[in-house]
Amino acid sequence: MVKHIILWRLREDLTAEEKESVKQGIKSGLEGLAGRIPGMVDITVNVDGRLDSSNADVMLDSTFIDEAALKAYAVHPEHVAVADGKVRPYTCLRTCLDYEIK
């Protein structure tokens, strides 16, 4: 199994209301991929409960059966559509940690 964790920071020029809307769009878009991507075991997007000590706004926590499934997800048309439409236009920083679950 492979974990795929992403942290995003939203663009600073977005208003608080825009940021909230963007976070909900990212959450619904990515979580909407559950059951649609071969090899994806689970996917959760955390947008609530952020403490002031945080330096990220959104977290993706997903699990895949293996590294090949993660690589296929990266180029899957449904994932690319969400990334291009709901994530990339509104984020300024992306941090990723992929690791094997032993």
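Trainee: Helices here are DSSP runs of H or I with at least four residues, strands are DSSP runs of E with at least two, and both are numbered from the N terminus. Where is I101 placed?

Mentor: I101 sits in the segment after β4 (91-100). Before going on: this is a predicted model, where local features need pLDDT of at least 70 and side-chain atom pairs count only at pLDDT 80 or more, while totals for chains, interfaces and linings use all residues. Residues are numbered from 1 along each chain as its sequence is written, and side-chain values use heavy atoms, with hydrogens and water left out.

Trainee: Fine. Is I101 buried, exposed or partly exposed?

Mentor: Partly exposed, with a relative accessible area of 40%. Buried is under 20%, exposed is over 50%, and partly exposed lies in between (1.4 Å probe, protein chains only).

Trainee: Which residues make up the nonpolar patch on the surface?

Mentor: I101 belongs to it, along with M1, V41, I65, L97 and Y99, and together they have about 540 Å² of accessible area. Patches take residues with over 30% relative accessible area and no salt bridge; nonpolar side chains (Val, Leu, Ile, Met, Phe, Trp, Tyr) are joined within 5 Å, like charges within 9 Å. The areas come from the Shrake-Rupley method with a 1.4 Å probe, and for residues only the protein chains shown count as cover.

Trainee: Which residues of α3 are buried, then?

Mentor: H79, V82, A83 and V87. Their arc is only 100°, so they too lie on one side of the α3 axis. P77 and A81 are exposed on the other side, and what covers the buried residues includes β1, α1, α2 and β4.

Trainee: Loops now. Where is V47, and what does V47 touch?

Mentor: V47 is in the loop between β2 and β3, buried at a relative accessible area of 5%. Leaving out residues up to four places away in sequence, V47 touches K23, Q24, K27, D57 and V58. The C-alpha atoms of V47 and Q24 are separated by 7.4 Å, although the two are 23 residues apart along the chain.

Trainee: How many salt bridges does the structure hold?

Mentor: Eight, each being a side-chain nitrogen of Lys or Arg within 4 Å of a carboxyl oxygen of Asp or Glu. One of them joins R50 and D57, with the closest N and O atoms 3.4 Å apart. R50 is partly exposed at 38%, whereas D57 counts as buried at 13%.

Trainee: Which residue does K71 bridge to?

Mentor: E67, with the closest N and O atoms 3.8 Å apart. Both lie in α2, four residues apart, about one turn of the helix. An α-helix has 3.6 residues a turn, so residues three or four places apart point the same way. K71 itself is exposed, at 55%.

Methods
The arc is that of the directions from the helix axis to the C-beta atoms. Contact means heavy atoms within 4.5 Å.
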